[in-house]
Amino acid sequence: MKEKNGRIQYIDVARGLAIILMVVGHMGTRYTKYLYAFHMPLFFAISGMTMKGIPGNRTIRNYIKSKIKSLFVPYFLWVLIFASFSYLSPIYALYASRNAISAIQSFGPLWFLPCLMAANILFFIGLKEANKLGGVLQNIILLCFVVFISYFGWILGKNTRYNLKIPLNADVSMVSLPFIYFGWVFQEYLHRSMKEMRLQFKLLAVTLLFGLLYILYKYNLPVSDYGTDYVAMAFSTYGNMLLFYFNALLGVGGVVLLAMILEAINALKQIGQRTITILVIHGQIQFLFQLFWDLLKETYGITVNAMLKCFICVLAVLVISIPFDYILRKFVPNLIGK
């Protein structure tokens, strides 16, 4: 079902769920390792769902310009806003790797925006060229392109020892192409049959997908050079290749089906349209709340339950994002890619 502005409702709901899961994942709860198995692949898959019909009426040049405006420009501006004052900050920001962002003491999660841009452009080029062939050959060539590029990105990420890593986190962009491909295939060939599935079967499928993921994610908890012991795409830490992709697709499939079930919930659609705003503010709000929790503990000896802290902080992020997003859209739309 589409809204008046042409947006597909369940895709916005899926975005809303994805950004909520990202915020929860960054809270460091008992579910962080579970969520990290799929919450970033989910964003790539959702971007693939929006590519149906795009290559036929857009040039590669125009598509790149649109992605620079919607993803790279807000990334660049926010990185400089958060960065330490230095004449090198714009140079590091243009390099746009996770390590380069850290080098200028800016906000780390912003790494995702240029990475998503690069992944979308790569997939668009492959899809545009494959479309020239048409028919079954188109799908075969596109699949081969995705497999080859993602494997190259996997090898590149594993063997890069340069401190700043790859510009734009391009190796992660390559590794992410199968998720974009999944989203494109889903929207191109499967979404209609999934939409028509009975509610009880959708609920059963969601339960099975998340349940199977909960069993399997524990078998793929790689240790990185940065001290993490779970899948962390920002650091090119994937663990076992087959488990990484399989687990991620289990979670992606579960969230997409859940979004179809919940597509009538307007609040989730609205959240899905404020993802950049939420990405930008959630870390700062989390930091302020952590100061408050520490103050409670040191002054009054009160220790707040971890899940309650997570719930309160996530709720605060979502509520504060409403007026903040309105202000940005009205006065500085470039900060959110508008």
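Q: Is L17 buried or exposed?
A: L17 counts as buried because its relative accessibility is 14%; buried means under 20% relative accessible area, exposed over 50%, and partly exposed in between, with a 1.4 Å probe and protein chains only. This is a predicted model, in which local features need pLDDT of at least 70, side-chain atom pairs count only at pLDDT 80 or more, and totals for chains, interfaces and linings use all residues. Residues are numbered from 1 along each chain as its sequence is written, and side-chain values use heavy atoms, with hydrogens and water left out.

Q: Which helix is L17 found in?
A: L17 belongs to helix α1, residues 9-25. Helices are DSSP runs (H or I, at least four residues), as strands are (E, at least two), numbered from the N terminus.

Q: And what is L17 in contact with, leaving aside neighbours within four places in sequence?
A: The residues are V255, L258, A259 and L268, where contact means heavy atoms within 4.5 Å.

Q: Turning to H282, where does it lie, and what does it touch beyond four places in sequence?
A: H282 lies in helix α15, residues 275-300. H282 is buried, with a relative accessible area of 1%. Not counting residues up to four places away in sequence, H282 touches M22, V23, H26, F107, P109 and V317.

Q: Which residues of α12 are buried?
A: They are K202, A205, V206, L213 and L216. These residues are on the same side of α12, because they cover an arc of only 115° around the axis; the arc is that of the directions from the helix axis to the C-beta atoms.

Q: What is exposed on the other side of α12?
A: T207 and L208 are exposed there.

Q: What covers the buried residues of α12?
A: The cover includes α2 (32-36), α11 (177-196) and α13 (241-261).

Q: Next, at what angle do α3 and α8 pack?
A: Helix α3 (residues 39-49) and helix α8 (residues 112-131) pack at about 40°, with their axes 11 Å apart. Axes are lines fitted to C-alpha atoms, for helices over the stretch in contact, and angles run from 0 to 180 degrees between N-to-C directions. The angle therefore makes α3 oblique to α8: under 35 degrees counts as roughly parallel, over 145 as roughly antiparallel, 65 to 115 as roughly perpendicular and the rest as oblique.

Q: Which residues make the contact between α3 and α8?
A: From α3, they are M40, F43, F44 and S47; from α8, they are F112, C115, L116, A119 and N120.
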